[in-house]
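Subject: Structure handover and findings

Hello,

Here is the structure for you to look over. My notes follow below it.

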Amino acid sequence: MTGASAVQQAVRRIGFWEAVFAVVLVLFAGVTVLRFTRGLGAVTNLSDQFPWGLWIGFDVLCGVGLAAGAFTLTATVHVFNLHRFEPIVRPAILTGFLGYLLVIGGLLFDLGQPWRIWHALVFWNPHSVMFEVAWCVMLYTAVLAIEFSPVVFERWRLERPRRILRSITTPLVIAGVILSTLHQSSLGSLYLIVPSKLHPLWYTPLLPYLFVISAIGAGIGMTILESYLSKRAFGRHLEMDLLEPLARCMVVALGVYALLRVIVIMQSGAAAMLLNPGYEAWMFLLEMVVGVVLPVGLLLVERVRTHPTGLVVSALLAVLGFVMNRLNVSVTGMEGAAGVRYVPSWMEVTVSLGLVALGFALFALAVRYLPVFPEPARGRSS
Amino acid sequence: MEGSGLRLGSVPGAVLLVAVFAVSRAATEPTPELRLPPDVTYNKAETSPGPVVFSHATHVPLAGNKCVACHPTSFSILQPTSRITHNEMQTGKKCGTCHNGTKASGIQGDCAHCHQLEGGS
Amino acid sequence: MSVGLLFDSTRCIGCGACSAACKEANALPLPIEEHPTAYTWTVVERVDGVNVRRLCFHCAQPTCVSVCPVSALRKTPEGPVVYDAARCIGCRYCIMACPFGVPKYQWDRAIPIVGKCVLCADRVARGLPTACAAVCPTGATLFGERNGLVREARRRIAANPDTYVDHVYGVTEAGGTSVLMLSAVAFERLGMKTDVPRRPLPLLTWQILSKVPSFVGVFGALLFGIHWITKRRDAVRAYEAEHRENAP
């Protein structure tokens with residue numbers, strides 16, 4: 001048989017997504033070897049003029065932000081005592097936990113000497129935002145692990161640990177919310193130090209606040225998307241009665257965010273750049289339209305908001321807009337001053353894709369073997 | 001004002017003006033005075049016909065005032081080089097980087113070219 | 001006493017002695033590259049007909065020092081901003097943050113570190129001048145007590161107003177630097193950054209970071225408060241519901 005039909009047969013037997021996953025993983029493994037034997041220059045398009053690229057802009061900034069669903073939902077249930085949202089807390093925590101594992105994975109690739117990542121534990125610099133980010137990420141990943149542990153204990157019927165954890169739920173969740181808010185904002189604070197480099201359409205002393213608010217919006221969006229993808233993969237239904245009120249919160253968050261952005265650029269005078277748009281202005285408009293105007297506009301219409309498709313599409317747009325914002329802050333907004341255009345190499349993209357693929361795989365495994373969802377998941381074999 | 005006479009006369013006049021301008025510019029530009037390291041004397045070794053005195057003043061203009069022509073590739077710039085042997089030079093090191101007969105005079109033949117021979121030259 | 005350098009570009013002949021001495025003093029690999037890299041910590045570039053040295057400015061309140069999460073960069077009391085390669089984790093925040101674009105990275109190494117001028121800190125500690133100043137044949141690079149160098153720079157401008165641009169680069173930039181520069185032409189023509197804020201940049205993040213402890217306290221109290229109130233509300237509702245059921 002021909003090569004093409006052999007491939008087709010294999011894909012049909014294994015499954016399309018599984019084949020994609022396998023290819024990505026093989027490439028990922030190869031790039032990993034290259035990265036650690038030849039150094040960053042051999043694998044990335046980073047340079048002294050552009051030291052931070054896709055792995056920071058996407059894996060760290062977006063990964064952390066998108067996992068904000070975990071703190072948003074645990075706060076909803078355990079701080080605001082809205083217990084009817086309980087069924088979607090566990091998958092949100094799992095998404096958050098995996099999200100942070102992937103952020104750490106991305107850092108292990110991006111750091112020049114990742115085996116020294118523990119240095120922040122012993123060598124301190126309280127003046128450094130990066131130091132705060134490192135500590136908050138470490139502590140919050142631990143909190144997420146602890147918040148997720150009841151799922152594991154339940155599976156292995158370990159009652160005592162479960163009871164102990166239940167008793168510390170409130171302080172644990174509150175610690176998680178504080179930590180998460182702190183470092184969502186400090187990812188934005190990272191960029192406070194470059195007023196002469198970051199483009200005025202994104203630079204503002206309010207960056208930390210903007211990052212927190214957009215993280216809340218994106219976190220809710222991710223929760224909705226994760227519900228939808230779980231529905232497709234494991235035959236679950238979309239919990240519209242829970243997701244619809246969450247979507248309203250997302251509208252509020254995005255609305256406040258948009259208002260702040262507009263006030264900021266009008267006060268700084270950067271708004272004038274939108275009248276004669278150059279590259280950065282177009283990217284700004286794209287980000288705001290896709291990520292804020294469209295989803296908010298759609299969700300304000302009740303028929304859209306109460307329909308699963310409308311909800312999911314709006315959530316997707318909000319998440320895309322969030323990703324665009326983080327990439328605009330870290331890449332687009334920094335290119336002008338750097339004097340170079342940065343485009344990630346295919347190897348950088350492979351690593352990011354590979355980490356995301358691993359995240360999906362771990363999520364599927366967790367759902368298959370652990371009581372993540374209230375009823376036993378009846379997924380098709382994958 | 002008009003007529004070829006004035007036009008002919010304006011050319012040397014213009015040249016004179018330019019010359020005066022150039023000279024005046026040169027006179028007011030601060031010319032950095034070069035503070036070169038002092039001459040280095042390599043004492044006579046056992047088999048050497050005499051000491052060698054290296055002078056930066058004769059070499060630097062030949063290198064286009066570029067210290068990097070010799071430093072730090074052929075010679076240390078922070079520490080004076082204490083010893084140079086013919087063997088090293090013959091393998092293209094130290095003075096041999098240029099004194100190979102092609103870029104500059106070779107090290108064979110006329111010893112007095114570099115060494116201060118005993119009892120006069 | 002805090003030391004510094006004064007670089008007068010009108011006296012620089014582009015001989016490269018400074019880069020040669022720097023390579024040797026820091027045991028850096030050859031060749032001397034055209035532009036600064038992790039292996040070439042200072043070099044003279046010819047820009048628009050002028051010789052201009054590129055090197056670290058050793059700020060009074062260095063941005064790189066404030067952003068390094070593991071304090072691998074440190075401002076010494078003598079003036080030099082030094083780098084501890086043993087601590088560095090390679091996050092490259094210093095490279096991203098430095099308003100002058102000074103620190104460079106070893107992109108080609110499997111075990112990379114940052115490279116930048118350290119103002120010959122060990123020589124300075126022994127009372128010696130920096131290697132570059134020691135060898136400069138024209139005195140374009142002068143080593144000395146920092147404030148004295150500022151006075152000398154101002155004296156030169158006052159004595160030769162037609163020669164120099166009336167600005168000593170490094171007095172106000174980023175809150176002041178230990179390395180100062182004089183030029184006959186506008187500094188931006190020499191490719192130097194003229195948009196560096198006058199306030200030291202670390203203040204921009206410190207104003208946020210200093211609020212973290214109080215934020216934790218206030219926000220924590222708020223969250224506990226909300227939890228308590230909503231729990232109480234739920235408990236009251238449950239109690240009332242129960243009593244309505246049991247009402248005769």
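Is Gly291(A) buried or exposed, and why? Gly291(A) is buried, because 26 other C-beta atoms lie within 10 Å. The cut-offs are these: a residue is buried with 20 or more other C-beta atoms within 10 Å of its own, exposed with 12 or fewer, and partly exposed in between, the C-beta atoms being placed from the backbone.

First, the ground rules. This is a predicted model, in which local features need pLDDT of at least 70, side-chain atom pairs count only at pLDDT 80 or more, and totals for chains, interfaces and linings use all residues. Residues are numbered from 1 along each chain as its sequence is written, while chains are lettered from A and ligands numbered from 1 in the order in which they are written.

**Helix α13 of chain A**

Gly291(A) sits in helix α13 of chain A. Helices (H or I, at least four residues) and strands (E, at least two) are DSSP runs, numbered from the N terminus. Leaving aside neighbours within four places in sequence, Gly291(A) is in contact with Leu317(A), Ala318(A), Leu320(A), Gly321(A), Phe322(A), Met324(A) and Asn325(A). Contact means that the C-beta atoms of two residues, placed from the backbone, lie within 7 Å. Tyr257(A) is 34 residues from Gly291(A) in sequence, and 11 Å away in space, C-alpha to C-alpha.

Buried residues of α13(A) include Glu280(A), Phe284(A), Glu287(A), Met288(A), Val292(A) and Leu299(A). Among the elements that cover the buried residues are α12 (240–268), α14 (302–305) and α15 (308–338) of chain A.

**Chain contacts**

Two pairs of chains are in contact, and chains A and C share the most contacts. On that interface, 47 residues of chain C meet 45 residues of chain A. Elements giving two or more residues to the chain C side are α2 (63–67), α3 (93–97), β6 (104–105), α7 (202–209) and α8 (212–246) of chain C. The most come from α8(C), with eleven residues. By class, this side of chain C has 31 nonpolar, eight polar and eight charged residues. Ala, Val, Leu, Ile, Met, Phe, Trp, Tyr, Cys and Pro count as nonpolar, Asp, Glu, Lys and Arg as charged, and the others, Gly among them, as polar.

Chains A and B have no contact, and their closest C-alpha atoms lie 25 Å apart.

Chain C has two domains: domain 1 (3–201) and domain 2 (211–246). Their C-alpha centres lie 57 Å apart. The bounds come from an automatic or database domain assignment.

**Chain B: handle with care**

Chain B has three helices and two strands, in the pattern α-β-β-α-α along the sequence. Buried residues make up 7% of its 121 residues. The average pLDDT of chain B is 78, and 71% of the residues score at least 70. pLDDT is the predictor's confidence in each residue, from 0 to 100. Helix α1 (residues 4–28) of chain B is lowest, at a mean of 50, and strand β2 (residues 52–54) of chain B is highest, at 93. Over residues 1–6 of chain B, pLDDT stays under 50. Residues 22–30 of chain B also stay under 50. Where pLDDT is low, the predicted coordinates should not be read in detail.

**Backbone points to check**

Most residues other than glycine have a negative phi, and most peptide bonds are trans. The exceptions here include:

- His71(B) and Pro72(B) are joined by a cis peptide bond, with omega about -10°.
- Leu30(C) and Pro31(C) are also joined by a cis peptide bond, with omega about 5°.
- Arg157(A) has a positive phi, near 50°, and counts as exposed, with 7 C-beta neighbours inside 10 Å.
- Ser71(C) has a positive phi of about 55° and is partly exposed, with 19 other C-beta atoms within 10 Å.

Best regards
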